[in-house]
Amino acid sequence: MKGKQPFANPTQKTELETPMQNLVRIERALMSSSKIIAAKAWIDAGARVLALHGIDDDGKCDCRKSRCRSPGKHPIAAEFPKGEKDATKSKAKITRVLKQYPNANLAAILPEGVVALDVDGPDGAETYAALNLPKTATVQTGRGMHCYFQASKTLPKKKTPLHCIDIKDANSGYIVVPPSKHQSGKKYRWKKAQYPSRLADLPSEFIDGLIRKKTVTVSFDKESKVSKGGRNNALASYAGYFRHKGLNGSAIERVLSAINTEVCSPPLDAGEVSHIAGSIGNYDAGFENAFGSLADVEEQDVQFLAFPYIVRGATTVLDGNMGQGKSTFTAALAAAVTTGKPPPFLDEIEEGDVLFLSAEDDPARVLKPRLVENGADVSRVRYQEKVFALNADGMTMLRQEIETHRPALVVIDPIIAYMDSGIDGNSANDTMHFMVELDGIAREYDVSILIVRHLRKAKADNAMHQGIGSIAISARVRSGLILGIHPDDKDKRAIVHAKANYSKEGPAIVFTLDGSKEGRPPVVRWHDVDPAMTTDDLLMKPESTRGRPSAERDFAKDFLREALANGPVQKNKLDQKASARSISPETLRRAGEEMKVSKTRDNGRSIWSLP
């Protein structure tokens with residue numbers, strides 16, 4: 001029913017209990033014969049949903065395994081590769097999946113406070129009758145029934161077993177829901193005759209008598225404070241302990257909030273604490289689902305946006321020095337994606353929309369003109385209107401944008417500008433956590449994410465470690481590209497494929513930047529690829545520049561020209577951006593003096609602008 005949630009909102013109870021649910025009714029949408037309508041209703045109820053392989057007309061699982069051990073009851077791996085851990089609250093995603101797989105079955109991870117007894121066959125019915133539970137909303141299954149109740153508190157993961165009855169709640173996996181199809185050919189359906197549409201309360205004597213209880217005791221030194229840099233790890237450690245003890249996400253969040261106030265100096269904001277609790281709360285508390293058999297894993301072919309350079313459903317990095325054409329190359333790539341016309345070095349390219357997160361380019365004066373000049377269909381390009389860090393809230397906003405508009409390519413330029421101020425870009429731990437989450441978004445939405453980095457001045461042993469920031473960035477990406485000046489022709493640019501996890505490296509891409517139109521951005525002109533070029537060729541400095549003391553200053557000048565191109569900038573902001581590119585304050589000062597940068601003051605703040 002429009003405007004009505006199938007399950008009522010919970011009310012607050014004691015600190016370590018699940019919030020008490022009001023008496024609930026199974027509304028019409030949950031009884032729908034449409035799996036899409038039913039799935040949306042479950043989401044409105046607070047559940048997470050996923051699509052399972054369905055049953056074909058021959059009564060077999062459509063996964064096509066000859067000896068499927070769970071016909072019609074295991075997730076579609078292409079959409080939910082981690083099974084129940086990938087269950088979603090996104091209506092857009094489940095709608096897309098159910099349209100793509102119309103024969104799929106539907107499953108739900110129940111909302112907090114809702115419990116279902118999965119009664120299997122005649123033996124299960126006999127056990128259930130002996131429990132003498134009140135009549136409640138019930139689903140007829142292929143061999144038995146699912147009886148839905150409200151519970152006044154969280155049921156721990158370890159439960160006293162009942163003969164031929166499984167107890168399902170928010171923390172014990174998914175349950176198949178109507179209108180799915182059973183292996184027997186029968187449909188899962190809500191019983192209407194002689195059964196109420198409301199969920200009865202699960203009697204306290206049932207919970208107290210049949211469910212094992214746990215007492216969680218935690219102690220820590222109140223005098224020991226955790227400062228910036230260690231707060232996330234400390235709270236994550238506490239959250240892992242509580243999850244291991246059987247607490248769910250909402251209970252973990254309440255406990256973490258108290259610990260955060262007590263031990264963190266200064267405390268993390270509430271949103272970050274909620275994010276940590278939610279992430280850890282999704283993990284299985286025990287070991288039962290920590291391992292699995294490869295026999296149950298469905299193989300998937302790796303897909304590419306642009307073979308072999310840019311992987312779909314993964315992150316690719318493009319490294320290069322400032323002012324050498326990285327952003328212009330991404331514009332040309334976006335043009336190919338939005339029009340479906342591959343550049344000459346590709347046989348084909350995936351056509352679709354593109355999202356730009358561009359921290360340094362003005363959308364009206366730089367980003368759009370650059371895309372237009374390189375032939376992009378700008379009606380298929382979205383951009384980040386308000387620059388924000390990809391912290392917990394930022395990652396959520398990025399997910400929502402990708403979920404809603406489904407781009408084929410996301411460009412983040414430069415990646416270092418989007419790391420939260422609390423993240424140390426040179427720390428492997430901080431950076432790996434950031435990259436894992438970003439890579440998770442790429443995989444979840446099967447989108448290609450291309451991140452852009454500047455190169456550091458110091459020579460690295462490995463070409464992929466030449467980019468600014470922790471080597472964890474290079475370790476996490478599945479493909480790595482390095483752009484530089486062509487070693488044999490300073491007017492050309494080359495991109496060497498330095499890392500390829502899912503293919504052989506592609507030949508070096510060669511192009512020039514045509515800036516013949518005065519006042520307009522340059523255009524990429526493609527040349528023949530160079531299969532013989534290596535990263536050593538590309539990164540080797542010309543003889544005339546080796547050992548020149550002004551090289552660092554020239555780099556700083558390029559930085560200032562680009563940073564000040566759109567107008568005056570506060571000096572403290574310039575210092576932050578310069579530091580991210582390993583430009584020292586002294587080098588920046590000398591570069592500014594040689595360029596005769598204009599320096600003024602506004603409300604006590606130093607402002608720099610081009611002369």
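The structure is a predicted model, in which local features need pLDDT of at least 70 and side-chain atom pairs count only at pLDDT 80 or more, while totals for chains, interfaces and linings use all residues. Residues are numbered from 1 along each chain as its sequence is written, and side-chain values use heavy atoms, with hydrogens and water left out. A salt bridge here is a side-chain nitrogen of Lys or Arg within 4 Å of a carboxyl oxygen of Asp or Glu, and by this rule the count comes to 22 salt bridges.

**Helix H16**

- Helices (H or I, at least four residues) and strands (E, at least two) are DSSP runs numbered from the N terminus, and helix H16 spans residues 585–594.
- Thr-587, Leu-588, Ala-591 and Gly-592 of H16 are buried, where buried means under 20% relative accessible area, exposed over 50% and partly exposed in between (1.4 Å probe, protein chains only).
- These four residues cover an arc of only 135° around the axis, which puts them on the same side of H16; the arc is that of the directions from the helix axis to the C-beta atoms.
- Within H16, the side chains of Arg-589 and Glu-593 meet in a salt bridge at 2.5 Å, N to O, and because they are four residues apart in the helix, about one helical turn separates them.
- Arg-589 is partly exposed at 31% relative accessibility, and Glu-593 is also partly exposed, with a relative accessible area of 43%.
- Just after H16, Lys-596 takes a positive phi of about 55°.

**Salt bridges between separate parts of the chain**

- Arg-380 and Asp-353 form a salt bridge through their side chains (2.8 Å, N to O).
- This pair links distant parts of the chain, 27 residues apart, with Arg-380 in the loop between helix H9 (363–373) and strand S15 (381–383), and Asp-353 in the loop between helix H8 (326–339) and strand S14 (354–358).
- Arg-380 is partly exposed, with a relative accessible area of 24%, and Asp-353 likewise counts as partly exposed, at 26% relative accessibility.
- A salt bridge also joins the side chains of Arg-476 and Asp-439 (3.3 Å, N to O).
- Arg-476 lies in helix H12 (residues 471–476) and Asp-439 in helix H11 (residues 428–444), so the pair ties together parts that are 37 residues apart in sequence.
- Arg-476 is partly exposed, with a relative accessible area of 27%, whereas Asp-439 counts as buried at 10% relative accessibility.
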